[in-house]
Every structure is written in C-alpha cells, then in structure tokens.
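Visitor: I would like a close look at a single part of this model. Please take the place where the two chains meet.

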Amino acid sequence: MKIGREDAIALVLVTLLSSTPIAFMSFDFMFPNISTPSLEKNLLAVFAISALAGMAPGYLLKRTDLAMMSVMTYTPVGYMLAVLLYSAPYTIYNLDLLLPGFYYTLFFRFTMVLLFLFVLGGFVGAVFGSLVRDSIRREETALTFGPKKD
Amino acid sequence: MAFLKRVKKHWFSSVLYLAFSLFFLGACFFSANTYSAVVQAQRDITLENPVLDAEELVNGSLRLTFSIEVSNPTRFALHLYTSSWTVRIVNSSSQTEGTITLGTMYMGPTSFLNVSGHEAYTFEFESIVYEPSTLSNIKGFINYSASEGDDYTLETIPYENEFRFIGMIGEFQHEYLRESYLSDLVTIDLRYTSSEGTQ
C-alpha cells in the first residue's frame, strides 16, 4: 500500500476530525452520569456513531483502502485523547491522584471492549461511505455522458 | 491539492463532517470540565466550625447543643443523603457500661435538605438529658474522675462528639447498583469526631 504526500495530509486531517467522537464516546462510557450529552452506555448508539465517524473518510477519501486505514489511525488517537480527558483533573488542577495505577487500569478495563466496536463500526462506515461515493459518481457520469433523449 | 479540491467539491458533506467533529470536541471539553469540577468539589466541600456546648439547667437536667457548618464553595448544589450526630461520654473505668450515650440524631434522604452552590449550611442539634439514671451515671463519672485527679463539672466533661454527613453533588444520576464508582464520584462523605477533628 503506497501512501503519497497528498494521502498523508488527508489521513492526518481525517484522523483529527474523526478522533473527537471516539474520545467522547470512550469518556462517556466511563462517566455516563457526568458527561453531556450522554449515550448512557448504549452500545447500538456507540456503533452508529462509530459508523458515522468512519463514513466521512470513506466518502471523502478517493481510496477505500486509505479510508479503512484511517479507522486504524483515528481510533487510537481518539482513545488517547479520552485518556487525557480522563486525567484532566489531576493534570490541570494538580489534584492528588490516589492509587494512580488502579486509576488508569479502571479506565482501560471499562473501555477496552469499545475499541472493537469503534473499529468495526468504522470499517462498516468506511465501506458504506465508499459505496455512496461510487454510487453518486456513477449517477453523475450517467447524467453527463448518458444517451440523450430528444 | 487534490484532497482540498475534493473537499470543495463536496462542501456540504465536508461542513457536516466538520460540524460532527466539532460537536463532539465541544462535548469532550464540557464533560471534562464537569468532571474536573466534581473532583475539585470532593476536595473543597468541608465541615467547619464545630461547636459543642453543655449547660446545666435549673431543674438539674443537662442541655447539649452542637453546631457544625457544611461549607459548599463549589458551583454545584449539595443534596443531603444522610446526616447523623451522636454525643456520649466514654467511661473506660466502668465494667458494665463503657459509654454513656447522651444524644443521637439522624436525618435521612427524605429530609430534602439542599445546600446551594457558594453557600454554607449550619447544622444545629440539641439534646436534653433528664433521665435520673443517665444523670446519675454522669455524676458517677464526675465523682470517679475527681478521685483520679480530674475535676469535671457537667459543662466541662470531655464529651465524645461524632457527626457524619453524606451528600450528593449536583443533579448527577447516582443510583448505579453495579458501577459503584459512579456513585462514589458524586458522593461526599464528611466526618467530624471530637478526638480526630474533621475528615
């Protein structure tokens, strides 16, 4: 799989934009009572939003393989962002962290399974986005070069 | 650049995508801010100014009053879950009765007491000890202490005082049975004992 400069820039942009829903869903899954708006640990909603996050790269990127690869880049970036949000009170406000090892273990334990949903939803979304893109392109081609009716 | 051209061509989808991303970015920052504020509230909500007063009434009864302030400097309201107060004398010399309980008070979740944000609420309790048996126990304690070299009166006895306050921060849902860490996150558990102070 060859990635050119254009592809790399597109990949970075898509990674940044699609990582935010992943970050929010991970954080929300940990603290559904204080996050706004909350998905209340609804896995179907998590899957649907993951598919939406994957659909945009699938639609906007020319190559489907690149779109699927973007799922593998934005998911860890989003997850890392969620870890940063999770540790915000202790890094920004300098509060004392009790049992630091356990604190992060709790987060990974609760949200690790979500990663599979993010990736699966992302792949489904990327493929669906590509299909929509191709379908629109075929329609445009047919309209432009199709047989003219008098 | 080919990608930017593509974005321009599909401007509507691109704007939707950007809005989708920004919405979740905003939600991330808002939620992390709330989380930080809740964690900070755990540290900032405190018990202050505990005062116990004992007074002997003209009819020989003992009147005990206790006040303590729950200070809530946070932006969240604090909802009472339970609070309890106990005052007693610890009589370590007694073979049969180690403590003489002089007053207890309990407030449960049905009391609907709220402490608004940036405010303080003062709890005030009162107990009047009038039973002759309890009063004679206290006098026995005073007499025994005098024989050991400690001169106490009803007003100066070292009363053991305990106060506990459990409250819920804000309007966050907390009735999670399986995931108790969610309840713990928004629960305040404050204690005061006359021997150890506030905790």
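How many residues of chain A are in contact with how many residues of chain B?

Guide: This is a predicted model, in which local features need pLDDT of at least 70, side-chain atom pairs count only at pLDDT 80 or more, and totals for chains, interfaces and linings use all residues. Residues are numbered from 1 along each chain as its sequence is written, while chains are lettered from A and ligands numbered from 1 in the order in which they are written.

27 residues of chain A are in contact with 31 residues of chain B, two residues being in contact if their C-beta atoms, placed from the backbone, lie within 7 Å. On the side of chain A that touches chain B, helix H1 (5–30), helix H2 (43–60) and helix H4 (88–91) of chain A each supply at least two residues. H1(A) gives the most, with 11 residues. Helices (H or I, at least four residues) and strands (E, at least two) are DSSP runs, numbered from the N terminus. By class, this side of chain A has 20 nonpolar, 5 polar and 2 charged residues; Ala, Val, Leu, Ile, Met, Phe, Trp, Tyr, Cys and Pro count as nonpolar, Asp, Glu, Lys and Arg as charged, and the others, Gly among them, as polar. For the complex, the predictor gives an ipTM of 0.90 and a pTM of 0.85.

The largest nonpolar core has 65 residues, of which A:Ala23, A:Phe27, A:Leu85 and B:Cys28 touch the most other members. Such a core is a set of buried Ala, Val, Leu, Ile, Met, Phe, Trp, Tyr and Cys residues joined through C-beta atoms within 7 Å. A residue is buried if 20 or more other C-beta atoms lie within 10 Å of its own, exposed if 12 or fewer, and partly exposed in between, with C-beta atoms placed from the backbone. Leaving aside residues up to four places away in sequence, A:Leu85 touches A:Ala23, A:Phe27, B:Cys28 and B:Ala32.

The domain assignment of chain B, automatic or from a database, gives domain 1 (1–44) and domain 2 (46–198). Their C-alpha centres lie 48 Å apart, and 5 residues of domain 1 of chain B are in contact with 9 residues of domain 2 of chain B. The side of domain 1 that touches domain 2 has 3 nonpolar, 1 polar and 1 charged residues. As for confidence, chain B has a mean pLDDT (the predictor's confidence in each residue, from 0 to 100) of 87, and 94% of its residues reach 70 or more.
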